[in-house]
Amino acid sequence: MPRVVFNKLEKLYQEMQNSYDQVAAETGFTCDGCPDNCCNSFFRHHTRVEWAYFWKGLEQCRPEIRREIVERAGEYVEQMNTDLSQGRDPLIMCPVNFDGWCVLYHHRLMICRLHGVPSTHTAPGGRSREFPGCFRCREKTEHLSHVPRLDRTRFYHQLAWLEQSYVGPKIVKMDRVNMTLAEMIMHGPPFKQ
Ligand code: SF4
Ligand code: SF4
């Protein structure tokens, strides 16, 4: 069962990539030469299916890399809790980023895949939200009269559907996930095998 869902998740990730590439091409945007690294942005994630898929990647890492990631994740959570308790937004490098590169790139979560380019999302009630993209993309697009945008709506729907398929009927009794990647690493996979 997880394999079927994970295959569908990989297909969804590919569709996200295609949309991202299209908007990036239309705006002439790339990450090449960026002086920043947005892997220190503070994100929380909301699905067990992505969490489990990420863990599948983590389990395939060399043991010494995995140990280092877990150690970094522990430090991340400690610093994050300190920052939040003191009213600061955490600005901490993701434990999976080694020397500027994501070592679990193929297993990174949705928000890592959509961050960067301008995007939009329409909620079920019809209310739309716009996301301007990262600072560099904003510089690239602010002079445009029409800014191309990646529409996140169908990706969110499809991910919610995959989450239901993965978790099953017990989903109605479970709390919503709201965790950083570091917390997902420290917790272990969402369901024990
Ligand atoms: S998404 Fe934007 S901020 Fe992040 S690395 Fe790319 S150019 Fe830099
Ligand atoms: S999972 Fe990878 S892409 Fe996402 S924040 Fe961490 S290092 Fe960056």
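Reading from the N terminus, I noted the order α-α-α-β-β-α-β-β-α-β-α-α.

**Ground rules**

I am working on a predicted model, where local features need pLDDT of at least 70 and side-chain atom pairs count only at pLDDT 80 or more, while totals for chains, interfaces and linings use all residues. Residues are numbered from 1 along each chain as its sequence is written, chains are lettered from A and ligands numbered from 1 in the order in which they are written, and side-chain values use heavy atoms, with hydrogens and water left out.

**Overall shape**

I checked the radius of gyration, taken over C-alpha atoms, against the globule rule of 2.2 Å times the number of residues to the power 0.38. For 193 residues a compact globule would come out near 16 Å, and the protein chain has 17 Å, so the two agree. The C-alpha trace spans about 50 × 35 × 35 Å along its principal axes.

Next I looked at burial, with buried meaning under 20% relative accessible area, exposed over 50%, and partly exposed in between (1.4 Å probe, protein chains only). Buried residues come to 42% of the 193.

For contacts I used heavy atoms within 4.5 Å. Among contacts with a separation of 6 or more, 78% join residues 24 or more positions apart.

The protein chain exposes about 11,500 Å², with carbon and sulfur atoms supplying 52% of it; the areas come from the Shrake-Rupley method with a 1.4 Å probe, and for residues only the protein chains shown count as cover.

I also looked up charges, with Lys and Arg as positive, Asp and Glu as negative, and His and the chain ends not counted. Each charge is placed at NZ of Lys, CZ of Arg, CG of Asp or CD of Glu. There are 25 positive and 23 negative side chains, and the centres of the two sets lie 7 Å apart.

**Cores**

A nonpolar core here is a set of buried Ala, Val, Leu, Ile, Met, Phe, Trp, Tyr and Cys residues joined through side-chain atoms within 4.5 Å. The largest one has 25 residues, and L9, V49 and Y166 touch the most other members. I find at least two of its residues in each of α1 (2-27), α2 (48-60), α4 (110-114) and α6 (153-167). α1 gives the largest share, nine residues. Apart from this core lies another, of 23 residues, including F54, Y76, I92 and L104.

What does V49 touch, leaving aside neighbours within four places in sequence? I list V5, F6, L9, L159, L162, E163 and Y166.

**Single residues**

*P118.* I found P118 in the loop between α4 and β3 (119-122). Its relative accessible area is 0%, so P118 is buried. Beyond four places in sequence, the contacts of P118 include V23, F131, C137 and V147. P118 and V147 are 29 residues apart in sequence, with C-alpha atoms 7.6 Å apart.

*D99.* Is D99 buried or exposed? D99 is exposed, because its relative accessible area is 77%. This residue sits in the loop between β1 (97-98) and β2 (101-102). Phi of D99 is near 55°, a positive value in a residue other than glycine.

*H45.* The loop between α1 and α2 holds H45. H45 has a relative accessible area of 5%, so I put it down as buried. Among the residues H45 touches, beyond four places in sequence, are L109, V177, M179 and M184.

*W51.* This one is in helix α2, and a relative accessible area of 4% makes W51 buried. Not counting residues up to four places away, W51 touches V177, M179, M184, H187, G188, P189 and P190.

*M80.* I located M80 in helix α3 (residues 63-85); at 1% relative accessibility, M80 is buried. Neighbours within four places aside, M80 contacts F42, P90, I92, T180 and E183.

*R136.* Helix α5 (residues 135-141) carries R136, which is partly exposed with a relative accessible area of 22%. Outside four places in sequence, R136 touches F29, T30, C31, D32, G33, C34 and P35. R136 and D36 are 100 residues apart in sequence, yet 9.1 Å apart in space, C-alpha to C-alpha.

Key: Helices (H or I, at least four residues) and strands (E, at least two) are DSSP runs, numbered from the N terminus.
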